[in-house]
Amino acid sequence: MAAILSVRDLVKRYDGGFEALKGVTLDIEKGEILALLGPNGAGKTTLISTICGITEGTSGSVNVGGHDIVGNYREARRMIGLVPQEINLEPFERVINTVRFSRGLFGKPKNEAYLEKILRELSLWDKKDSRIMELSGGMKRRVLIAKALSHEPEVLFLDEPTAGVDVELRKDMWEIVAGLKAGGTTIILTTHYIEEAEAIADRIGVIAKGELLLVEEKQALMTRMGQKQLQIDLSAPVSVLPEALESYGLEIVNDGASVLYSYDTRGERTGITALLADLAKAGLVMSDLQTKQSSLEDIFVGLVAEDAA
């Protein structure tokens, strides 16, 4: 499938010499959800701002739907919806007028039926005549999404869309994003909540210090880089392990009631059979076994730690 968004060797360098983006290259296919993960200051918002034309790149190129964001700015920007990290809305304006105004900014003709549809999907229709100042923080975020969707964009950027909202509202937002994807919208999401990426993303991108460390399908990434842990519960607690078990790199946990063994799922042999035999030889009696797969958060923390080293 052809990319709807193509970024090539994008650099953003400030006057003092600081490089916020260091040659980022990225292709995003139509209809997919890409979650962009990275610590504070990694370059996530700078990348989004540059693609959306809010800030200007130093070098490199960005094309949206075949339109260069510099040479064909208006055509490219019409294809993009942006939900910014900060809530910046006119407090005295009513919800419906706020959304109408955003649609008009892009030169779109009136379409009250479409605006009603997106307000209903965002559970805002009963608030359409409310002033922004009367809404909760979560509802204001929904208004930001409605504004971003008002001109029917094909690519939607969500920059920390659930920051500061409660768990229930976050789950509602995930459902909204899933509905947008089902309608064919391409979504690029930045988030600090890694469970969001794990729940809804098709691909994961990890950025740190202005460099894109990887972009990979979520499940393939977790399979390739994930490890499994085997927790072995013992019938009697231990404070130290016999020397014969040192080569396994076991970790004593649960006040000595269990030991953890980490192994690579891609290896030809896990070593579990030999470990269990050596445990028995060492006189340690097993009472139970359980396994745990590395989460996306474990992988992300490991990648960022490697980059910082």
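Colleague: In this predicted model, which residues of β9 point one way and which the other way?

Modeller: R203, G205 and I207 point to one side of β9, while I204, V206 and A208 point to the other, and all of these are buried.

Colleague: What makes β9 largely enclosed by the rest of the structure?

Modeller: A residue is called buried when its relative accessible area is under 20%. In β9, 6 of the 6 residues are buried, so the rest of the structure largely encloses this strand.

Colleague: How do you know that β9 pairs with β3 and with β10?

Modeller: Pairing requires at least two bridges between two strands. There are 4 bridges between β3 and β9, which run parallel, and 6 bridges between β9 and β10, which run antiparallel. As examples, L34 has R203 of β9 as its bridge partner, and A208 has E211 of β10 as its bridge partner.

Colleague: What makes β3 and β8 a pair as well?

Modeller: The cut-off is again at least two bridges. Strand β3 (residues 33–37) and strand β8 (residues 186–190) are joined by 4 bridges and run parallel, with T190 of β8 as the bridge partner of L36.

Colleague: Why are β6 and β10 said to stand at the edges?

Modeller: The open sheet consists of 6 strands in the order β6-β7-β8-β3-β9-β10, with mixed pairing. β6 (80–83) and β10 (211–217) each have a single partner strand, so one side of each has no neighbour in the sheet. On average, neighbouring strands of this sheet are turned by 15° against each other, direction ignored.

Colleague: Which helices pack on the sheet, and which strands do they touch?

Modeller: Helix α1 (residues 44–51) touches β3, β6, β7 (155–159), β8 and β9 (203–208), and its direction makes about 150° with that of β7. Helix α6 (residues 167–182) also packs on the sheet, touching β3, β7 and β8, with its direction at about 150° to that of β8.

Colleague: Where does D255 lie, and what is its phi?

Modeller: D255 lies in the loop between β12 (251–253) and β13 (258–264). The phi of D255 is also positive, near 55°, in a residue other than glycine.

Colleague: Why is D255 called exposed, and K209 partly exposed?

Modeller: The word exposed applies over 50% relative accessible area, and buried under 20%, with partly exposed in between. D255 has 80% relative accessibility and therefore counts as exposed. K209 has a relative accessible area of 48%, so the term partly exposed applies.

Colleague: Why does E154 count as partly exposed?

Modeller: Its relative accessibility is 34%, which lies between the cut-offs of 20% and 50%, so E154 is classed as partly exposed. E154 is found in the loop between α5 (137–149) and β7.

Colleague: What is the separation of E154 and G81 in sequence and in space?

Modeller: E154 and G81 are 73 residues apart in sequence, and their C-alpha atoms are 7.7 Å apart in space.

Colleague: Which residues is E154 in contact with, leaving aside its neighbours within four places in sequence?

Modeller: Contact requires heavy atoms within 4.5 Å. With those sequence neighbours set aside, E154 is in contact with I4, K30, M79, T185 and T186.

Key
Residues are numbered from 1 along each chain as its sequence is written. This is a predicted model: local features need pLDDT of at least 70, side-chain atom pairs count only at pLDDT 80 or more; totals for chains, interfaces and linings use all residues. Side-chain values use heavy atoms; hydrogens and water are left out. Helices (H or I, at least four residues) and strands (E, at least two) are DSSP runs, numbered from the N terminus. Axes are lines fitted to C-alpha atoms, for helices over the stretch in contact, and angles run from 0 to 180 degrees between N-to-C directions. Buried means under 20% relative accessible area, exposed over 50%, partly exposed in between (1.4 Å probe, protein chains only).
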